[in-house]
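Student: I have this chain open and have not looked at it before. Can you walk me through it?

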Amino acid sequence: MMNLTDYGLTPNMLQEPIKGIPARVTAVHKERYALICGHGELYGRLKASVYYGKGGESFPTVGDFVQIDYVPDGDSRIIGTLPRRTYFSRRDPTPGRGEQAVAANFDYVFIMQSLNHDFNPKRLERYLTLSRQSNAIPVILLTKADLAEDHSSYLRAVQRVAAGVDAFAVSTKTGFGFDVLADYLKPRKTIVLLGSSGVGKSSLLNRLSGKTVMAVNDIRKSDGKGRHTTTARQLFMLESGVMVIDTPGMRELGMWDVRAGLDEAFADVEQYLGRCKFADCSHQSEPGCAVKAAIAKGELSLKRWESYVALKAEARYSDDKETYLKQKKQRYKEIAQIVRQAQKTDYCHTPCMETFTCKVCGTHVTAEGAGSGHRNHCPNCLSSIHVDNEPGDRASLCHGVMEAIGVWVRKNGEWALIHRCRTCGALSSNRIAADDNPTLLMSIAVKPLALPPFPLDRMGKHT
C-alpha cells in the first residue's frame, strides 16, 4: 500500500465528512488526471455534477489533493478538491472561467534564470510577485553558472530587486552550488520550478534525481533561448523523498489577484504610498508626493517604481478587465484631445497666452505679467510641465513636473532657465519672465558659487 503522507498529505487537509479516499494529482492530461493514492498509481476523471454545475468545486491541478471514488479496473471519479496551502494561478484561456490554478500545495518556489541572455531583473520581479502571492517560500537560482566567470555582479542585481530572498548560482553541468540547496531538499517537501523555456528546469530536475527523468533540449545560439522541453505540468517523486513540480515555460503566467504578492515583493516601494500630501495622489505632478520625493532623493529607483506601476496595471486588468479597458479608453481620449488642441494652435509660431493654475505651488498664473509673448512657467516657483518634445509642439505625453535647476545667460544678455523633468529627466531651456520671483532666480544662479568643487584658497594661486 502506498503511504500518501510521503506525498505531503497531512490530517488537517482532510475535510469532514470524508466523501472518498484521498489522492494527489501528479499530472494533468486535458480531461484525464494522473493520480497517486493508497492503492498506487491510477487515472481519474472529474465527476461532472460536482465540477461543472453552478458553484462547483475548483478544478484540480498538479499538486492538488483530491477525494476520489476508487475504481480498480478503470478511471476513478474525482469528487472533490481539498483546500490548498499554496498555489499558482493565471487567467483561464477558456472564456468565462476566470482563474485557473497552475500548481498547488508546494513549499518552495525555485525561481530560475540562467546566466546568459535569459537573465532579466524585470521578469525576476514578476516571478517574485507571483511567488509571494502563492504563500510559498521563494528561492532564486541563477543557473548555468559555468557560463559566467563572475557571479557576484548578478547576485548583487538580484538583491536589488529581491532583498531578503535566498539566491544562489548553480551549475547542473558541474554540480557547482548544489551543496547549499540541502536545506530545501527535505523528504515530504514539494518544490515548484518557475522560469522561462531553456532556463534549465529539466536539467535541474535530472540533477536532483540522479538520473534522466526529463529530456533536455539545446538552447539556440542566436538568442540563448530554449525550446519547450516540458509539455505538461507534472509532479515527480525523487528517491530522496523530495517532490518536484516541473512546468512548461511560464512567460504566459498572468497576474491574477497579486495584491498581497505586490505588497511583499515591492515593500520598498509601498512604504511611500499613503504618505503623500493628497490622499488621491496619482504620483505624477501633484505637490507633496512622497513617491516623487523618494525618487528625487535617490531613495527609490525610478526603474523599480516603473516595474511596480506596470505590474499593478496588469493586476488591475486581471481583476476587472472591463473597468481597466474603460480607463484606458478614457486616457486615449484625453491624449487625442491634447493632440487636437495642439493641431488647432501652433505654439511653435503663435504666442502662448494661456491662464493656468500651477500644479506645484497652486499659484493662479496669468499671461499679462510675463513681459513677452510666451508664458511657459510659474513666476512664483519657476516650475513648468513637460508638454513639449520640441518648443511649442505640445507633443509630449510625459506631463511630468519641470523643475528649475539652473540659469544661463544668452548672447544678448538675456537670462534663461534650465528645466529638468522629474519624471523622465528631459532638459529644456526657457527665457525668464518679467514677473519671475527674483529671490528664487538669484538663489538658483548663485548655488554653484555657494558649493564650489574646490577649496576657495586655491583661487589665490591662480590669480
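**Surface and cover**

Tutor: Met442, Val446 and Leu449 make a nonpolar surface patch of about 300 Å². Patches join nonpolar side chains (Val, Leu, Ile, Met, Phe, Trp, Tyr) within 5 Å, using residues with over 30% relative accessible area and no salt bridge. Areas come from the Shrake-Rupley method with a 1.4 Å probe, and a salt bridge is a side-chain nitrogen of Lys or Arg within 4 Å of a carboxyl oxygen of Asp or Glu.

Student: Where is Met442 placed?

Tutor: Met442 is in helix α10, residues 438–450. Helices (H or I, at least four residues) and strands (E, at least two) are DSSP runs, numbered from the N terminus. Met442 counts as partly exposed because its relative accessibility is 45%; buried means under 20%, exposed over 50%, and partly exposed lies in between.

Student: What should I know about the model itself?

Tutor: This is a predicted model, where local features need pLDDT of at least 70, side-chain atom pairs count only at pLDDT 80 or more, and totals for chains, interfaces and linings use all residues. Residues are numbered from 1 along each chain as its sequence is written, and side-chain values use heavy atoms, with hydrogens and water left out. The predictor's confidence in each residue, pLDDT, runs from 0 to 100; its mean over the protein chain is 80.

Student: Where does pLDDT stay under 50?

Tutor: Over residues 219–230. Where pLDDT is low, the predicted coordinates should not be read in detail.

Student: OK, helices. How many residues of α4 are buried?

Tutor: In α4 (residues 201–209), 7 of the 9 residues are buried, including Leu204, Leu205 and Leu208.

Student: What covers the buried residues of α4?

Tutor: The cover includes strands β8, β9, β11, β12 and β13. Just after α4 comes Gly210, with a positive phi of about 80 degrees.

Student: And Ala290, which residues does it touch?

Tutor: Ala290 touches Tyr272, Arg275 and Cys276, leaving aside residues up to four places away in sequence; contact means heavy atoms within 4.5 Å. Ala290 is in helix α7 and counts as buried because its relative accessibility is 15%.

Student: Back to phi. Where is Leu382?

Tutor: In the loop between β15 and β16. Its phi is positive, near 70 degrees, though Leu382 is not a glycine. Most residues other than glycine have a negative phi.

Student: Is Leu382 buried or exposed?

Tutor: Leu382 counts as buried, because its relative accessibility is 0%. Asn135 also has a positive phi, of about 75 degrees, but counts as exposed because its relative accessibility is 59%.

Note on methods
Buried < 20%, exposed > 50% of the residue type's maximum accessible area, 1.4 Å probe, protein only. Patch = residues over 30% accessible without salt bridge, like charges linked within 9 Å, V, L, I, M, F, W, Y side chains within 5 Å.
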